[in-house]
Amino acid sequence: MKYNICGYSQAVLLKYNLDCNDAVLLRTVMDIYTSSSDKIDYIIRENDKFMWLTYGYISEQLQLLGSVRTVQRKIDNFIDKKILKKVILNSKNKRAGKYMYLAPGENYSELCEYDFYKVTDCHDPCDKTALDHMTNCHIKDSSITDYSNKIINKKRESVPHMVNLILEKYNELNLPSYVRPPKNYTIMDCYNSYGIADLYKALKMMSESSYVMKNFSIDMIFNTDNIRKALNGSFKDKFPVKPKENREYLNVSNNKVYEPNKDNEELYKILGLR
């Protein structure tokens with residue numbers, strides 16, 4: 001079974017009775033939520049960031065899903081399952097109406113818990129489409145199985161340690177401050193997409209960008225699209241400030257008394273300066 005559907009665990013999608021259309025819709029909503037666009041309107045409620053979104057806009061972006069009513073039904077289903085949560089405001093910019101704001105719900109992270117070391121069943125040896133995955137074949141020597149499980153568990157335990165290392169690098173570069181860091185899966189998504197070397201390089205490049213330092217939050221920095229843009233140089237300052245050169249200036253703040261120069265006194269008298 002394919003593990004990842006649009007970045008979400010297929011097993012967890014099945015657990016919540018969601019299909020591929022649901023996965024595409026949820027991915028689209030979350031891509032907009034984590035976007036760095038200035039056009040997106042956010043509010044903060046109980047320390048959570050909510051994004052203003054309309055059913056009609058999503059329906060325009062995903063016309064294959066069908067009508068606006070279909071999109072509304074699916075998003076309401078996400079909310080019922082606590083994958084998303086919403087806030088309804090009765091006005092926006094002094095205009096009365098019903099305005100929906102969305103944010104990830106408490107069960108959203110479960111969909112994103114990637115198990116990169118998941119063991120799959122063996123393929124039929126005659127199956128020409130079999131892939132070279134890690135397999136759960138019948139092994140008579142239990143010590144081999146135990147050893148493999150120890151390696152897998154050790155790699156899983158290393159995830160929080162890797163997140164801590166990345167956050168240490170983030171703080172070392174004096175990137176924008178934060179109250180709460182992003183979820184582990186958000187940081188690990190960047191790490192698994194680009195590797196530690198390119199991720200560190202992107203963070204350094206963002207720390208040297210006045211635009212990023214002025215406008216980005218930590219959630220916007222740990223966004224795979226923004227990491228890619230940083231590596232491509234999209235955030236570089238057009239007119240970087242050159243460091244000031246070290247110059248030696250004459251020190252005139254001394255108390256030395258200088259004797260007047262009398263060599264040109266005759267010249268001064270001729271010129272009428274004396």
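Arg 27 is partly exposed, with a relative accessible area of 21%. The model described here is predicted.

**Salt bridges**

Arg 27 has a charged partner. Its side chain forms a salt bridge with Asp 31, and the closest N and O atoms lie 3.5 Å apart. Both residues belong to helix α2, which spans residues 20–33. They sit four residues apart there, so about one helical turn separates them. Asp 31 is also partly exposed, at 40% relative accessible area.

How many salt bridges does the structure hold? The count is ten.

| Pair | Distance | Location |
|---|---|---|
| Arg 27 and Asp 31 | 3.5 Å | both in helix α2 (residues 20–33) |
| Lys 15 and Glu 110 | 2.5 Å | helix α1 (residues 10–15) and helix α5 (residues 108–111) |
| Arg 180 and Asp 48 | 3.4 Å | loop between α6 and α7, and strand β4 (residues 48–52) |

Take the pair Lys 15 and Glu 110, whose side chains meet at 2.5 Å. Is Lys 15 buried or exposed? Lys 15 counts as exposed, because its relative accessibility is 56% and the exposed class starts over 50%. Glu 110 counts as partly exposed, at 21%.

The side chains of Arg 180 and Asp 48 meet at 3.4 Å, N to O. This pair too joins distant parts of the chain, being 132 residues apart. Arg 180 lies in the loop between α6 (142–172) and α7 (184–207), while Asp 48 lies in strand β4. Asp 48 counts as partly exposed, at 24% relative accessibility.

Salt bridges can also be joined up. Asp 19, Asp 22 and Lys 74 are linked in a network of them.

**Helix α10**

Helix α10 covers residues 224–231. Which of its residues are buried? They are Asn 226, Ile 227 and Ala 230. These residues cover an arc of only 105° around the axis, so they lie on the same side of α10. The buried residues of α10 pack against α7 and α9 (218–221).

Both ends of the helix have a local feature. At the start of α10, a side-chain oxygen of Asn 223 comes to within 2.9 Å of the backbone nitrogen of Asp 225. After α10 comes Gly 233, which has a positive phi near 80°.

**Cysteines**

The structure holds zero disulfides. Cys 6 is therefore in none; the nearest cysteine sulfur belongs to Cys 20 and is 7.3 Å away, whereas a disulfide needs the two sulfur atoms within 2.5 Å. Cys 6 counts as partly exposed, at 35% relative accessibility. Cys 190, by contrast, counts as buried, at 1%.

**Confidence**

How confident is the predictor in this model, by mean pLDDT? The mean pLDDT of the protein is 77. Of its residues, 72% reach 70 or more. Confidence is highest in helix α4 (residues 68–80), at a mean of 93. It is lowest in α6, at a mean of 63. Over residues 115–158 the pLDDT is below 50. Beyond near neighbours in sequence, that stretch has 27 contacts in the model.

Conventions. Residues numbered from 1 in each chain as written. Heavy atoms only, no water. Salt bridge = Lys/Arg side-chain N within 4 Å of Asp/Glu carboxyl O. Helix = DSSP H or I, 4+ residues; strand = E, 2+ residues; numbered from the N terminus. Buried < 20%, exposed > 50% of the residue type's maximum accessible area, 1.4 Å probe, protein only. Arc of directions from axis to C-beta. Contact = heavy atoms within 4.5 Å. Polar contact = N/O pair within 3.5 Å; in protein donor to acceptor, adjacent residues only side chain to side chain. pLDDT = per-residue confidence, 0-100.
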